[in-house]
Amino acid sequence: MAAAATSAATTIPKPSAHLSSSSRSSISISRFTLPLSLNPQKTIPHRSLHISNAVSKPTTPAPSSSSTSTTTRQESPPRFSPDEARKGADILVEALERQGVTDVFAYPGGASMEIHQALTRSPIIRNVLPRHEQGGVFAAEGYARASGKPGVCIATSGPGATNLVSGLADALLDSVPIVAITGQVPRRMIGTDAFQETPIVEVSRSITKHNYLVLDVDDIPRIVSEAFFLATSGRPGPVLIDVPKDIQQQLAVPNWNTPIKLPGYMSRLPKVPNDSHLEQIVRLIFESKKPVLYVGGGCLNSSEELRKFVELTGIPVASTLMGLGAFPVGHELSLQMLGMHGTVYANYSVDKSDLLLAFGVRFDDRVTGKLEAFASRAKIVHIDIDSAEIGKNKQPHVSVCADVNFALQGMNKILESRNAKSKLDFRAWREELNEQKSKYPLKYKTFGHAIPPQYAIQVLDELTNGNAIISTGVGQHQMWAAQFYKYKRPRQWLTSGGLGAMGFGLPAAVGAAVANPGAVVVDIDGDGSFIMNVQELATIRVENLPIKIMLLNNQHLGMVMQWEDRFYKANRAHTYLGDPSRESEIFPNMLKFAEACGIPAARVTRKEDLRMAIQNMLDTPGPYLLDVIVPHQEHVLPMIPSGGAFKDVITEGDGRTKY
């Protein structure tokens, strides 16, 4: 993003691969730019090998020394005198402390046990022990998403490291800052197919923003500083540090003043946006009649400036799945979510707009559908921190590669200087959209005593006053949680967007609860997603985290089943998750999982009992599981079929109808 040599000599060669623009290949694969040549430096004993996947992911000024992270530096009480040698593992843990780390999610193994021993000597860092490494990396993501600070997870070599892969990919796609640390076999055994050896640097190369294999104990302070700087600067993302066991055991005196070495990366961080470009965008706003804001996860750190921009202009706001909460969903100018399962009026606004202001978004296929038809009448303005995203899917008319927050600040100043609030008048456009809101509201049907899943989320929203932190798995319940809970602020909504990783909800809630001890944290989950990381109930109980689990249990893989209903004549292809020999029973009995971990639980099957059951869940101290039985015939609507356009939107029907 050269301490004194006290370590034993090694014969392993350690060339250094630096992230300089001269060393980059001109071939860009999607958003990954791979450095393909090495720049040799003068010979220094014990240089580390950086095995890197550098992406031009910008913003944040360069720090000058190892106190480089965007997080607050935290000095630990001295466990060693300054010139006292200590193990590499202790240096690693102290380096984490110096980056402000107070919580990690670490599961031990043979190649990482030295790190765990060092963690027991730390008076600052608490380890929240997951019950699976995937639970650990998803918890680190939940921590980062809910707090804005980098999450840290630690795993052993081999299967421990490979169990992090889904979480690393998820963090890269959703731009989440995490630092993953893995143990590795000793240096002399690398490449010998040793027990529990996997080349995790190579495995994770295309799903991390950057990664390191530490080959010199003296490089640990610098590498950790760089890792946190890379994870949190520019477009955030995951960074992996692979630490061989002999490095963890080696004695050394750390040099905490080693500067970071990221010249190429630093040179590619975007600058403050040019005023002339911002003036051009403001001019387009004044010329437009039907503008709409399309805001994504890149706006989560710009919520205040975004609200000010909307107040000054009166432009309605459509949000991506990742952007929910950046602008209050309940605001009169909110169009809620757009895209495949977005509101009719949000998608209508984009289809009919003459100016699309795309801030912190990547024109994902689940938003755009058929690219040629998306915003086909509009001039497009794209502001994003990652230059690789601009023009990747949809060519903008005006583009600015910059931090959205700085761009909004600049535009707000220009708008104020032009008295935009009194001059801009989009009332006719807003009335047109309000008609669509009245004509096509989000709705659902009720059948007898059955509990509509959408109603369960509405009741939860009412009883928590829209203030809970919500995590989800992936599927129908995820979309209903996006549609029917009214998010008021950023970092309330934690979901696996780009990767769509089932099993995300429960461990993400763990991370959110650790990061926000006083908050109400609710995992809205589906039975399919929940069971994928059900073992994290043990972590929740042992840590006594007050996480509430509202399980929308329809005994099916709901979203796949919905596609079967719509496009495969309702032919069930392994989407029923119950016991076929006992279809009248709920299987598995989720209450037994909770009971096994000492967590209170209840089941509700009738709509009239639901409100009291949810209130009881919220009132019960500590963790709680509520198994809400919902009909499997429900479909997530509206729906624009994959590759379709706004004209193809589906607003009616469910699994009770044949197509």
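Predicted model: local features only at pLDDT ≥ 70, side-chain atom pairs only at ≥ 80, totals over all residues.
**Entry 1: the whole chain**

Residues are numbered from 1 along each chain as its sequence is written, and side-chain values use heavy atoms, with hydrogens and water left out.

I counted 24 helices and 22 strands in the protein chain, taking both as DSSP runs numbered from the N terminus (helices H or I, at least four residues; strands E, at least two). Of the 659 residues, 60% count as buried, a term that stands for under 20% relative accessible area with a 1.4 Å probe, protein chains only.

**Entry 2: helices 18 and 22**

I looked up helix 18 (residues 476-484) and found 9 of its 9 residues buried, so the helix is largely enclosed by the rest of the structure; among them are His 477, Met 479, Trp 480 and Phe 484. Helix 22 (residues 558-567) is mostly covered, with 7 of its 10 residues buried, including Met 559, Met 561, Glu 564 and Arg 566. Helix 18 is part of what covers those buried residues of helix 22, contact meaning heavy atoms within 4.5 Å. After helix 22 I noted Lys 569, whose phi is positive, near 55°.

**Entry 3: helices 1 and 2**

The axes of helix 1 (residues 88-98) and helix 2 (residues 113-120) come within 8 Å and cross at roughly 55°. In the contact, Ala 89, Asp 90, Leu 92 and Val 93 of helix 1 meet Glu 114, Ile 115, Ala 118 and Leu 119 of helix 2. By class I have 6 nonpolar, no polar and 2 charged residues there (Ala, Val, Leu, Ile, Met, Phe, Trp, Tyr, Cys and Pro count as nonpolar, Asp, Glu, Lys and Arg as charged, the others as polar).

**Entry 4: helices 19 and 21**

For helix 19 (residues 505-515) and helix 21 (residues 536-543) I found axes that come within 9 Å and cross at roughly 25°. That makes helix 19 roughly parallel to helix 21.

Note on methods:
Axes fitted to C-alpha atoms, helices over the stretch in contact; angles between N-to-C directions. Parallel < 35°, antiparallel > 145°, perpendicular 65-115°, else oblique. Buried < 20%, exposed > 50% of the residue type's maximum accessible area, 1.4 Å probe, protein only.
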